[in-house]
Amino acid sequence: QLNGYKQVVITDGQTFAERGGQTLQFDLYLPADFAAGNKPLVILVHGGSWRSGDRTHVLEWAYDLAANGYIAATVDYRLTKDGIVFPAPVSDVLAAVRYFREQAVTYGIDPARVCLFGVSAGAHLAMLAGLTTDGSVFDPDRPVGELPGITCIVDLFGPTDFTVDPSSVDVDQLRRVERFL
């Protein structure tokens, strides 16, 4: 215990996938008193208008979750600044979910309690990944009808309505969405 905070064990820079020539990594946050066994997992997806940011931008939430008994993982996804467009970032989030479900025993994860937690653009990706009834829509290499197995989605101010009149939004916001799509 440090200044009233519970201790957390952090393992950073682990690879969960190689996609489009990029290495996608995660940082894992475990409660210091972690005892092997089925704990819920929260996968955190950062914001940044789909074009910037990285997994360290959500580390405070990951730390707090681990300090309260959850396993938390902050994950990378490919960004539009690197020429990536939809649906690749959603596919990356699904790859992270798949990785952790496959490694559930290794990390002590309860595969029946996996949550996606996203902020802004990350929340948009979390919603698309978590609500799909067919992961092959976002990743044609996946089996048709593959379900991600998400039991909870936390959306912190993620964009949800792309039908708004373009003249009613800031031009920079419009360009961000256009680059993503």
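Is Gln-22 buried, partly exposed or exposed? In this predicted model, in which local features need pLDDT of at least 70, side-chain atom pairs count only at pLDDT 80 or more, and totals for chains, interfaces and linings use all residues, Gln-22 counts as partly exposed because its relative accessibility is 23%, where buried means under 20% relative accessible area, exposed over 50%, and partly exposed in between, with a 1.4 Å probe and protein chains only. Residues are numbered from 1 along each chain as its sequence is written, and side-chain values use heavy atoms, with hydrogens and water left out.

Gln-22 belongs to strand β2, which covers residues 22–31; helices (H or I, at least four residues) and strands (E, at least two) are DSSP runs, numbered from the N terminus. When neighbours within four places in sequence are left aside, Gln-22 is in contact with Ala-17, Arg-78, Asp-82 and Ile-84, contact meaning heavy atoms within 4.5 Å. Between the C-alpha atoms of Gln-22 and Ala-73, which are 51 residues apart along the chain, the separation is 19 Å.

The largest nonpolar core contains 35 residues, and those with the most contacts inside it are Phe-16, Phe-100 and Leu-116; such a core is a set of buried Ala, Val, Leu, Ile, Met, Phe, Trp, Tyr and Cys residues joined through side-chain atoms within 4.5 Å. At least two residues of this core come from each of β1 (8–19), β2, β3 (39–45), β4 (71–75), α2 (88–102), α3 (104–107), β5 (109–119) and α4 (121–131), while α2 gives the most, with eight residues. Phe-100, with residues up to four places away in sequence not counted, touches Phe-26, Leu-28, Leu-41, Ile-43, Ala-73, Val-75, Tyr-107 and Ile-109. A second, separate core has 13 residues, among them Val-8, Val-42, Val-58 and Leu-65.

Helix α4 is largely enclosed by the rest of the structure, because nine of its eleven residues are buried. The buried residues of α4 are packed against β3, α2, β5, β6 (152–156) and α5 (171–180). In helix α5 lies Asp-172, which is partly exposed, with a relative accessible area of 28%. Asp-172 touches Arg-51 and Arg-179, not counting residues up to four places away in sequence, whereas Asp-172 and Gly-149, 23 residues apart in sequence, are 35 Å apart in space from C-alpha to C-alpha.

Nine salt bridges are counted under the rule that a side-chain nitrogen of Lys or Arg lies within 4 Å of a carboxyl oxygen of Asp or Glu. In one of the pairs, Arg-19 is bridged to Asp-92, with the closest N and O atoms 3.8 Å apart. This pair links distant parts of the chain, since Arg-19 is in strand β1 and Asp-92 in helix α2, 73 residues apart, and both residues are buried. Arg-19 and Asp-92 are also linked with Arg-78 and Asp-139 in a network of salt bridges.

A further salt bridge is formed by Arg-55 and Asp-27, whose closest N and O atoms are 2.9 Å apart. Because Arg-55 lies in the loop between β3 and α1 (59–67) and Asp-27 in strand β2, the pair ties together parts that are 28 residues apart in sequence; both Arg-55 and Asp-27 are buried. By contrast, the salt bridge between the side chains of Arg-142 and Glu-146 (3.3 Å, N to O) involves partly exposed residues, with a relative accessible area of 25% for Arg-142 and a relative accessibility of 21% for Glu-146.
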